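Subject: Structure handover

Hello,

Here is the structure I said I would pass on.

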2 protein chains.
Amino acid sequence: MCQLLGMNANTPTDLVFSFTGFAKRAEEHKDGFGIAFFEDAGVRLFVDAQSAAVSPVAEMVRHYPIRSDNVIAHIRKATQGRVALQNTHPFQRELWGRYWAFAHNGDLKNFAPPLHGAFRPVGGTDSELAFCWLMQELAKAHAGVPSIAELTVTLGELAPRVAAHGTFNFMLSNGQALWAHCSTQLHYLLRQHPFHTAHLQDEDMSVDFAQLTQASDRVAVVVTQPLTANEAWVAFAPGELRVFVDGQATPT
Amino acid sequence: MCQLLGMNANTPTDLVFSFTGFAKRAEEHKDGFGIAFFEDAGVRLFVDAQSAAVSPVAEMVRHYPIRSDNVIAHIRKATQGRVALQNTHPFQRELWGRYWAFAHNGDLKNFAPPLHGAFRPVGGTDSELAFCWLMQELAKAHAGVPSIAELTVTLGELAPRVAAHGTFNFMLSNGQALWAHCSTQLHYLLRQHPFHTAHLQDEDMSVDFAQLTQASDRVAVVVTQPLTANEAWVAFAPGELRVFVDGQATPT
């Protein structure tokens, strides 16, 4: 299975600490990695069909503190679709003049929804197919550009229709919000004032966020399995969809 | 004005040599850079709103020999649209289950074509608007997935309609072919057997391609201004569109 990492913040924040711990898990999840950083309406999508443990792209990401409001990262252990760049998450499309990024953990069976042509998969994964279908159905459901709340309602209707075909842990962002859906396994953490020192579970690395933050900063981190040992991670319930805006969680 | 660099090859080829010379020009073109590498149907798009002369992303690209069949790179000197990630070329969209990348050099005036919604600009450049319009019109002109020859005919009809609004040097690729259109300035070079040593104009760097290639290799390089001093660069004529497939040029 793959692993997911997402971040949503109320101020552009770098993900070097969390990505370092997350990438450590790439020793097991070696079939590629990807990370999408939203900066304002723009997005940078770094993907490599190599493991994040050895990829020069991952090395650059670990050392270049890109400040972003919304991030989605994925390390892949191939289940459907061969190891190739076009099968590497996150996937990206444009809808309503915004970029959207999507990453999936899980496996879908007998999932073959009708696609009308506006969004088609380039690679051979069930994940990109599910993303294209979500984009298509979001576009169909809204005549104009919907609010975050309206999008969340629509996603809450669409997600179970995909999840009926298997495991559908996913993260989706348009640069304004981060949506996270849990089928089996997903955790989140809210970091806000007063900030403390966090210690990675996967690597001997600590950061004192009190030294790096303003009192007004808020950051939500969402991940398959908790990244730190000494913070209060909250497990999603199966079937739960949450939307994170400005570093805050909204149950839906 | 910005500068463009493209490559089309019959075997995955790294662009480290050409990109090094090209990025040297970023001292003048400092408002961001971007490079799209196609690998099979996948694409990697590296963009940075920093100059290629100082960007850690450009540094990684100069040292990581990514092997690709089709590459489009761009260094930006902002004319329309502020310096921001969403205004950084190349731009990327999906059509017919393939990724498309586009970069533009020039300035368009009074260009406000009707967009029907399938492709909308995220940023504020005339370039991304032109790309969205090209994608829309390509989709409208072909019911099914067209051949490279059919696409070239359609692009040959569309390009002058945009070029009527100003300078429209552009490069476009779907990973199968590289299209290059010249309004004012564009050059290309075909490297094939027998290979020789090439020497960069912008930096003291030479490569003996005879040491690095097979006799069957063919590479086309397209660029705003010639990169090497000792090779036979061919200037495009104003209004000329060429398509490069498997490292060979086809006049249209």
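Strand β9 and strand β13 (residues 234–235) of chain B run antiparallel and are joined by 2 bridges. In this pairing B:Tyr188 stands opposite B:Val234. Strand β9 (residues 187–192) of chain B also pairs with strand β12 (residues 218–223) of chain B, again in the antiparallel sense, over 6 bridges. There B:Arg191 stands opposite B:Val219. As background, side chains in a regular strand alternate between the two faces of the sheet.

Please keep in mind that this is a predicted model.

Chain A as a whole

Chain A contains 4 helices and 15 strands. Its C-alpha atoms fill a box of roughly 50 × 35 × 30 Å along the principal axes. Of the 252 residues, 50% count as buried. If we take the contacts in chain A between residues at least 6 apart in sequence, 71% join residues at least 24 apart.

Helix α4 of chain A covers residues 148–163. Its 16 residues should span 22 Å at 1.5 Å a residue, and its end C-alpha atoms are 22 Å apart, which agrees. The buried residues in α4(A) include A:Leu151, A:Leu155, A:Ala159 and A:Val162. An α-helix has 3.6 residues a turn, so residues three or four places apart point the same way. Among the elements that cover the buried residues of α4(A) are α3 (126–141), β8 (178–181) and β14 (241–245) of chain A.

In chain B, look at helix α3, residues 126–141. Is α3(B) enclosed or open? It is largely enclosed by the rest of the structure, because 12 of its 16 residues are buried. Among them are B:Phe131, B:Trp133 and B:Met135, and also B:Asp126 and B:Glu128. The buried residues of α3(B) pack against β5, β6 and α4 (148–163) of chain B.

The core

The largest nonpolar core has 148 residues, and those with the most contacts inside it are A:Met171, A:Val222 and B:Met171. Which residues does A:Val222 touch, leaving out those up to four places away in sequence? They are A:Gly6, A:Met171, A:Leu178, A:Ala180, A:Leu186, A:Tyr188 and A:Phe244.

Where the chains meet

How many residues of chain B are in contact with chain A? There are 25, and they touch 25 residues of chain A. On the chain B side, β3 (42–48), α2 (56–63), β5 (91–95) and β6 (98–105) each supply at least two residues. β3(B) gives the most, with 4 residues. By class, this side of chain B has 14 nonpolar, 4 polar and 7 charged residues.

One loop residue

B:Ser55 is in the loop between β3 and α2 of chain B. Why does B:Ser55 count as buried? It has 21 other C-beta atoms within 10 Å, and the cut-off for buried is 20 or more. Apart from neighbours within four places in sequence, B:Ser55 is in contact with B:Phe33, B:Asp48 and B:Gln50. B:Ser55 and B:Thr79 are 24 residues apart in sequence, and their C-alpha atoms are 21 Å apart in space.

Regards

Key. Residues are numbered from 1 along each chain as its sequence is written. Chains are lettered from A and ligands numbered from 1 in the order in which they are written. This is a predicted model: local features need pLDDT of at least 70, side-chain atom pairs count only at pLDDT 80 or more; totals for chains, interfaces and linings use all residues. Two residues are in contact if their C-beta atoms, placed from the backbone, lie within 7 Å. The expected span of a helix is 1.5 Å times one less than its number of residues. Ala, Val, Leu, Ile, Met, Phe, Trp, Tyr, Cys and Pro count as nonpolar, Asp, Glu, Lys and Arg as charged, and the others, Gly among them, as polar. A nonpolar core is a set of buried Ala, Val, Leu, Ile, Met, Phe, Trp, Tyr and Cys residues joined through C-beta atoms within 7 Å. Two strands pair if DSSP finds at least two bridges between them.
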